[in-house]
Amino acid sequence: MNKDLLPPEVTARREILQKITNLLERAGYAEIVTPTFEEYDRLSAGLPEHLKTTAYRFFDHRGTQMILRPDITTQIARVAGTRLREQNGPLRFYYSGDVYRAAQLEIGQNQQFHQIGVELLGVSGARGDQEILKLAENVLRTSGLKNYRIEQTNAGQIQRLPAKQRKALQRQDFAALGRLPRLSELLSVDLDYYTGLYFECFVPEMGYILGSGGRYDNLCAVFGRQRPAVGFAFNLDKLLLALAAQKE
Amino acid sequence: MLTIALSKGYLLSEALKVFRKVGLRVPAADDISRKLEFTDADKKCRFLIVRPADVPVYVEYGAADLGIAGKDVLVEGRHKITELLDLKFGYCRLVVATLKGAYRKDTLRAGLRVATKFLNSATEYFQEKLDIDVELIKLYGSVELAPLDGLSDVIVDLVATGKTLQENGLEVVDEIYISTARLIANRVKAKSRYKEILALAQRIKKAV
């Protein structure tokens, strides 16, 4: 459920956000602020299916269908393809804001939660991947977490597997595959969205991921200009819960 | 220490046998009747004894790292967990059954009343496989009684030997799936404690 945030908690949130935004600014990322809601038709082409079905949608006073943003990455891809169309890049953005999802995609998820994330547009392949992976690790370290782990896999490689094997992997059903998993196979990749690198960040104390990211080279083209893209997002509440669990 | 959720009931003694085979000193099922929680003698693993349908819940939320649950419970509950191994015990089938001679698979029709504990599996079967609308009645036990007393035309239930069905004058019309016990893991713990979990899973795989 969504909840009110009261003083001690608000202070802790502000402190950790401050640490992370300082880090991202120093790394050359500029903050971008996108609207909380906008016209559904403007955004829908770039939304992966699982976000479309969980997004809050409503009609405004003129009868236009609106969407409460379920994700900020899609909005940034829209900006990059429209207002920033003529800029060649690379573009480095970070964002910090609430997103809204009606259905729980993960356990313990509020319908409204705060994401802090980055997008690196216009840097393809390993060079962009490495920059983003390093930055994600710095976010975890700067947050003050211990024993954090980043595990990665490749969505492109999974995409090329035979259908039966790919589906069993998507369901995380290794009994059906008849063999035990390699560590990289335990990551649940959204194959409609990611095209290459995919990674997840977690700590041993918690039963859920703190943040995830990867390469999605097909997204920007939907909004009018093809650009390679890679990024990540962290869930602020989960970072705070992980920190609290490690202090115990 | 890994925490492992086990199903109370018919899967428990077989599950404990598996852990004894891999060298964990755990008590027999009869000796833990009232305990809800215990560790093996060498304090390597902690075990939770919960209702079968609750095993994947404990695992999904990370309160248990691993669990042993029937495939039937996993199919019905649709929890986001990782299925590591087929443990091959606890064999049973989810079937459609009726009073002897009342229906065949091809005479199942729209409007039938179906009594079951397995609402999701029954819905999927009638809607997606047979494409007919039926009225589902959720029951919590003694499902075999429903057609005898006119509560339903059909039941969807688990059968192991088929003996209970026979004793109640029922027969199997179709099979929906076969279920066996599975070793399951929390999706994040499977990653963050991969080495420990994989080592145990490998030993269990050799033992079953």
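Several elements of chain A cover the buried residues of helix α1(A), including β5 (91–100), β6 (112–121), α5 and α10 (236–247). Contact here means heavy atoms within 4.5 Å. Buried means under 20% relative accessible area, exposed means over 50%, and partly exposed lies in between (1.4 Å probe, protein chains only). Helices (H or I, at least four residues) and strands (E, at least two) are DSSP runs, numbered from the N terminus.

This is a predicted model, in which local features need pLDDT of at least 70, side-chain atom pairs count only at pLDDT 80 or more, and totals for chains, interfaces and linings use all residues. Residues are numbered from 1 along each chain as its sequence is written, chains are lettered from A and ligands numbered from 1 in the order in which they are written, and side-chain values use heavy atoms, with hydrogens and water left out.

Stay with α1(A), which covers residues 7–26. Its 20 residues should span 28 Å at 1.5 Å a residue, and its end C-alpha atoms are 29 Å apart, which agrees. The expected span is 1.5 Å times one less than the number of residues. The buried residues of α1(A) are A:Arg13, A:Ile16, A:Leu17, A:Ile20, A:Thr21, A:Leu23 and A:Leu24. Seen down the axis of α1(A), they fall within an arc of 155 degrees, so they line one face of the helix. The arc is that of the directions from the helix axis to the C-beta atoms. An α-helix has 3.6 residues a turn, so residues three or four places apart point the same way. On the other side of α1(A), A:Pro7, A:Pro8, A:Arg14, A:Glu15 and A:Arg26 are exposed. A:Gly28 follows the helix, with a positive phi near 90 degrees.

Helix α5(A), one of the elements covering α1(A), spans residues 125–143. It has 19 residues and reaches 28 Å from its first C-alpha to its last, close to the 27 Å expected at 1.5 Å a residue. Which residues of α5(A) are buried? They are A:Gly128, A:Asp129, A:Ile132, A:Leu133, A:Leu135, A:Ala136, A:Val139, A:Leu140 and A:Ser143. Down the axis of α5(A), these buried residues fall within an arc of 165 degrees, so they line one face of the helix. A:Ala126, A:Arg127 and A:Lys134 are exposed on the other side of α5(A). After α5(A) comes A:Gly144, whose phi is positive, near 95 degrees.

Next, the strands of chain A. Strand β9(A), residues 211–215, is mostly covered, with five of its five residues buried. Four bridges join β9(A) to β8(A), residues 197–202, and the two run antiparallel. Two strands pair if DSSP finds at least two bridges between them. A:Tyr198 stands opposite A:Gly214 in β9(A). Five bridges join β9(A) to β10(A), residues 229–235, also running antiparallel. Here A:Gly211 stands opposite A:Phe234.

One peptide bond in chain A deserves a look. The bond from A:Gly89 to A:Pro90 is cis, with omega near 5 degrees. A:Pro90 lies in the loop between α4 (73–81) and β5 of chain A.

Now turn to chain B. Helix α8(B), residues 194–207, has 14 residues and reaches 20 Å between its end C-alpha atoms, close to the expected 20 Å. Its buried residues are B:Tyr194, B:Ile197, B:Leu198, B:Leu200, B:Ala201, B:Ile204 and B:Ala207. Among the elements of chain B that cover them are β1 (2–7), α1 (12–21) and α7 (189–192).

Two loop residues of chain B have a positive phi. B:Arg78 has one of about 50 degrees although it is not a glycine. B:Arg78 sits in the loop between α3 (71–77) and β5 of chain B. At 48% relative accessibility, B:Arg78 counts as partly exposed. For B:Lys88, phi is near 70 degrees. B:Lys88 is in the loop between β5 and β6 (92–99) of chain B, and at 60% relative accessibility it counts as exposed.

Finally, the chains meet. The contact takes 23 residues from chain B and 27 residues from chain A. Together the chains bury about 1,900 Å², 60% of it on carbon and sulfur atoms. Buried area is the accessible area (1.4 Å probe) that two parts lose on being put together, summed over both. In chain B, B:Val188, B:Lys191 and B:Tyr194 lose the most area to chain A, together 31% of what that side buries. Two salt bridges are counted between the chains. A salt bridge is a side-chain nitrogen of Lys or Arg within 4 Å of a carboxyl oxygen of Asp or Glu. One joins A:Glu200 and B:Lys191 (2.3 Å, N to O).
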